[in-house]
Amino acid sequence: MIFDSRLKPPRECVHCLYSERHPFGLQFDKSGLCSGCTTHKEKAALDWSERFHLLSKLVKKRKQRSKFYDCIVPVRGTPEYFYIMDVVKNRLGLNPLGVSYNSQFTSSVGIKNLARIKEVFDVDMLSYNSNPLIYRKLVRESLVRLGHIRWPYLAGETAFAVRVAVEKNIPLIVWPYHQPTEQVGMHSYLEEAEMSRRSWIEHDLMRTSPSDFSLRSETLITLSDIEDISYPENKLLARKGITGIYLANYMPWDTKTYSEEMIKSRGALSAANPRTFDTYDRIDDLTYMGVHDILKYANIGYSRVTDNLCREIRFGRIDRHSAKIIEGYYQTHYPADYLTPFITWLGITKEAFEWFLRFSNFGKKEVTGGILSIVENEFVRGFFSNHPPLTEDIKFTLYGKGLTLAENL
Amino acid sequence: MAFKRIIAVLIVLNGQLVKSYGYNFHRPAGALPTALRELDTWALDEIMVLDISRRESIDPLVVRQIREACVYSPIIYGGGIRDISDIQTLLSAGCERFLLETLYLRSPETVKRISDLVGGQALILSVPLVSKVGQGLVLRSSSSNDSSSPLPLNEIAETIAASPASELLVIDAVAEGHGGAFCLTSFDDIELIEGSKGIIWFGGLNGDIAEGLLTRRSTVGVAFGNVCSEKELAILRVRRGIAQAVQQRYLRRLCL
């Protein structure tokens with residue numbers, strides 16, 4: 001549901017920065033605390049050693065059913081995914097198969113991290129590269145239809161993991177956390193919510209399933225285009241007993257702490273991102289904090305820096321007032337040169353991209369965010385980076401296909 | 001032989017799909033059309049859309065979303081139904097059965113007129129119950145305008161029995177949202193309404209509790225709410241669990 005801010009200002013949480021504008025929906029209690037903050041309190045209240053024991057029992061049951069690989073772990077090139085592999089391999093004693101879906105815009109730090117995960121944890125990895133021409137067609141369609149460029153990646157990443165699970169009879173898929181639970185408290189950690197097609201369509205794919213893309217008469221997307229991003233049928237999932245679990249239901253998930261631990265102990269790489277202070281989050285994708293984040297603000301009125309700040313507020317690492325200043329500061333960043341390679345790849349002009357922004361709900365944030373004070377600067381400097389920033393990495397890496405896109409434009 | 005049904009419940013509050021906990025605390029649960037379409041692939045007996053906004057009318061946004069979802073599963077709608085025009089609106093949106101709560105207490109004659117239109121088999125009475133010390137089971141008030149004391153179950157049992165509705169949705173309003181907390185059948189009062197009509201139980205059920213309830217003669221169905229958004233194919237798992245428990249009980253009897 002798109003919130004129309006022209007009617008009345010959205011209701012805001014008294015603690016974090018989220019408001020009714022959040023696309024996942026938000027509920028408030030009588031004190032004005034949002035459901036996300038209420039759920040976050042469980043991180044301090046629950047007995048996590050007991051919960052990890054529950055996890056160990058759950059995976060032990062699954063381990064007995066599989067022949068070689070005990071589980072599938074979808075992997076991205078960020079420090080957090082080192083932590084997931086560490087938990088799965090070293091603490092739970094499982095033999096995982098890593099699966100990685102090429103977003104077509106992987107940064108060099110993301111590629112290095114993926115290689116490092118394989119090396120450090122000695123795990124097998126299955127990578128999938130979809131046809132870049134079809135992928136580009138899907139990105140264009142999702143930009144026009146949804147104002148979003150990551151729809152094909154989000155569809156493919158989950159669908160690929162589930163398809164591999166079905167094909168290789170590996171019934172367990174291990175994810176780090178359920179984003180709607182972390183952000184808006186959709187489930188309690190005690191409920192042990194699992195991966196589901198409904199959540200995939202609702203939250204990852206913005207209520208637009210792959211078949212919705214191909215069913216319209218005006219679209220150029222065909223059924224074969226969406227074949228590799230389609231979720232397997234219910235009867236297959238039921239027959240094979242495929243389950244996707246979230247580690248955050250059994251561990252007090254904290255992206256910052258876990259990422260820093262892996263940087264220190266496992267040599268994970270981190271890098272500065274435009275439009276946010278967080279040097280660990282989404283550094284594997286060159287478009288996430290550029291084109292995607294600008295479109296996100298344009299469509300729903302807040303950007304990824306707000307998600308990062310809400311996490312920090314809830315962990316008590318920053319107060320709401322300073323977070324608001326930092327939010328305003330980063331939301332006005334518009335790294336025009338950094339956007340150019342993607343826009344060129346997509347085959348649109350800069351003016352066409354600006355047109356999407358002009359006719360969206362919120363447009364481009366023009367008001368300058370001012371400067372950060374000592375307190376805010378100190379907070380921002382607390383995020384470590386050991387790799388050149390993403391803005392220096394402007395060439396997309398296209399591998400495995402042997403195509404030169406310029407020939408096919 | 002009447003068959004017993006498993007029903008998924010989707011709870012709506014102020015136009016938003018929510019997970020409800022004792023009707024006091026709520027979590028966002030996504031969008032109603034997506035949920036309806038996904039549950040439609042689960043081969044459920046029925047899907048119930050329950051609007052707990054305490055409105056004095058049906059919510060046109062919710063009705064539109066039901067119409068646009070265009071699902072094949074039979075839909076029960078409850079919340080804000082006040083007269084025959086509401087029934088007609090809901091019928092045209094694709095709903096097949098109707099859950100009534102405030103109406104059967106305020107205006108039994110309207111319920112009779114609705115029954116004449118759609119038949120008693122299309123009507124279900126909602127009986128949300130809480131336990132009060134010294135009073136036993138009482139009806140939890142659903143209307144925001146109702147400031148009177150809660151009605152004890154024994155005072156409305158006759159009204160319920162006399163109603164043309166074919167079934168009751170009996171809700172443990174305290175346990176609602178807390179799987180495994182259902183406890184209504186431990187109260188003697190519940191026998192006042194068992195036997196008058198078929199009962200669908202809802203509120204804090206899990207697989208084991210549902211299996212036990214399904215063995216009761218008065219039970220025509222069990223309903224699950226929050227769990228439908230927590231697990232893939234949740235109802236299928238419940239169904240399998242119940243089938244296995246029934247099979248084991250049957251085998252034990254054979255051995256005896």
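Student: How many bridges join strand 1 of chain A to strand 2 of chain A?

Tutor: Happy to start there, and do keep in mind that this is a predicted model. Strand 2 of chain A covers residues 96-101 and runs parallel to strand 1 of chain A. Within strand 2 of chain A, Gly98(A) is the bridge partner of Val73(A). The bridges joining these two strands number four.

Student: Which helix makes a β-α-β unit with strand 1 and strand 2 of chain A?

Tutor: The unit formed with these two strands is right-handed. Its helix spans residues 79-91 of chain A and is helix 4.

Student: Which residues of strand 1 of chain A are buried on each side?

Tutor: Good one! In a regular strand, side chains alternate between the two faces of the sheet. Both faces of strand 1 of chain A are covered. One side has Cys71(A) and Val73(A), and the other has Ile72(A) and Pro74(A).

Student: Why does Thr106(A) count as buried?

Tutor: Thr106(A) sits in the loop between strand 2 and helix 5 of chain A. Its side chain makes a polar contact of 3.3 Å with the side chain of Asn102(A). The cut-off for buried is under 20% relative accessible area. Thr106(A) counts as buried because its relative accessibility is 9%.

Student: Which helix gives the largest share of the lining of the second largest pocket?

Tutor: That pocket has a volume of about 940 Å³. Of its 39 lining residues, those closest to the centre include Asn206(B) and Lys231(B). By class, the lining has 14 nonpolar, 13 polar and twelve charged residues. The largest share is six residues, and they come from helix 8 of chain B.

Note on methods
Residues are numbered from 1 along each chain as its sequence is written. Chains are lettered from A and ligands numbered from 1 in the order in which they are written. This is a predicted model: local features need pLDDT of at least 70, side-chain atom pairs count only at pLDDT 80 or more; totals for chains, interfaces and linings use all residues. Side-chain values use heavy atoms; hydrogens and water are left out. On a 1 Å grid over the protein atoms alone, a cavity is a set of points where a 1.4 Å probe fits but cannot get out, and a pocket is an open set with protein on both sides within 12 Å along at least five of seven lines; lining residues have an atom within 4 Å of a point. Grid points are joined across faces, edges and corners, and a volume is the space filled by probe spheres set on the points. Ala, Val, Leu, Ile, Met, Phe, Trp, Tyr, Cys and Pro count as nonpolar, Asp, Glu, Lys and Arg as charged, and the others, Gly among them, as polar. Buried means under 20% relative accessible area, exposed over 50%, partly exposed in between (1.4 Å probe, protein chains only). Two strands pair if DSSP finds at least two bridges between them. A crossover is right-handed if, with the strands pointing away from the viewer, the path from the first strand over the helix to the second runs clockwise. A polar contact is a pair of N or O atoms within 3.5 Å; within protein, one must be able to donate a hydrogen and the other to accept it, and residues adjacent in sequence count only if both atoms are side-chain atoms.
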